[in-house]
Amino acid sequence: MQFGLQEDQDIERIARDTRTIAIVGLSPREDRPSWGVARYLQSQGFRIVPVNPGHAGGTILGEHVHASLGDIPAETRIDMVDIFRRSEAVPGIVDEALRELPGLSTIWMQLGIAHPDAAAKARARGVTVIEDRCPKIEFPRYL
């Protein structure tokens, strides 16, 4: 897959300006990619907000786990939603993010995850969308 200059500029801005990231599908298992990415993001100073209905009420990486994006307290401003779910789950996640997170600036779909229709919907609402990439791979160039 070929990536353009605009997407690289978007990633640079996201890495620089993002502070709080809701991670949908974050696993408590240390051997899962979502856990490794979340731990990396924390190590770089980002606050992570775990979203996983199967582990709601518990903690992952020291953060309270929420069942859905809508369960995140309103005073927690989410800048980015990072999606670790199958592509077919993306439209519902994007709809919920657009509805529930007024300060949202970025929707990020992990490696292997893309949904052109959901991405177009988010972009039409002014949200930057990155598909099929990983912040753990991309952010080090800009941090």
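**Entry 1: contacts and the whole chain**

I began with contacts, meaning heavy atoms within 4.5 Å. Among those in the protein chain that join residues at least 6 apart in sequence, I found that 62% link residues at least 24 apart. I noted that this is a predicted model, where local features need pLDDT of at least 70 and side-chain atom pairs count only at pLDDT 80 or more, while totals for chains, interfaces and linings use all residues. I also wrote down that residues are numbered from 1 along each chain as its sequence is written, and that side-chain values use heavy atoms, with hydrogens and water left out.

Next I looked up the overall dimensions. The C-alpha trace of the protein chain spans about 40 × 30 × 25 Å along its principal axes.

How much of the chain is buried? I used the cut-offs of under 20% relative accessible area for buried, over 50% for exposed, and partly exposed in between (1.4 Å probe, protein chains only). Of the 143 residues, 48% count as buried. The chain exposes about 7200 Å², with carbon and sulfur atoms supplying 47% of it; these areas come from the Shrake-Rupley method with a 1.4 Å probe, and for residues only the protein chains shown count as cover.

**Entry 2: helices and strands**

I counted five helices and seven strands in the protein chain. They are DSSP runs numbered from the N terminus: helices are H or I with at least four residues, strands are E with at least two. Along the sequence I read the pattern α-β-α-β-β-β-β-α-β-α-β-α.

**Entry 3: helix 1**

I checked the length of helix 1 (residues 5-17) first. Its 13 residues at 1.5 Å each should span 18 Å, and the end C-alpha atoms are 18 Å apart, which agrees; the expected span is 1.5 Å times one less than the number of residues.

Which residues of helix 1 are buried? I listed E7, D10, I11, I14 and A15. The arc is that of the directions from the helix axis to the C-beta atoms. On the face turned away from the buried side I found the exposed residues L5 and Q6. The buried residues of helix 1 pack against strand 5 (80-83), strand 6 (106-109), strand 7 (128-130) and helix 5 (135-138).

**Entry 4**

I then followed strand 5. Strand 1 (residues 20-24) pairs with strand 5 in the parallel sense over four bridges, where pairing needs at least two bridges found by DSSP between the strands. Here I21 stands opposite M80. Strand 5 also runs parallel to strand 6, joined by four bridges, and I83 has M109 as its bridge partner.

In a regular strand the side chains alternate between the two faces of the sheet. In strand 5, M80 and D82 are buried on one side, and V81 and I83 on the other. Strand 6 is likewise covered on both faces, with T106 and W108 buried on one side and I107 and M109 on the other.

**Entry 5: I113 and helix 4**

I113 sits in the loop between strand 6 and helix 4 (116-124). Its relative accessibility is 8%, so I113 counts as buried. Leaving out residues up to four places away in sequence, I113 touches I83, F84, R85, S87, V90, E131 and D132.

In helix 4, I found A118, A119 and A122 buried. They cover an arc of only 100° around the axis, which puts them on the same side of helix 4. P116, D117 and A124 are exposed on the other side. The buried residues of helix 4 pack against helix 3 (90-100), strand 6 and strand 7.

**Entry 6: positive phi**

Most residues other than glycine have a negative phi. I looked for positive values and noted L61, with about 50° although it is not a glycine. L61 lies in the loop between strand 3 (59-60) and strand 4 (63-64), and at 22% relative accessibility L61 counts as partly exposed. D132, in the loop between strand 7 and helix 5, has a positive phi near 55° and is also a residue other than glycine. Just after helix 4, I found G126 with a positive phi of about 85°.
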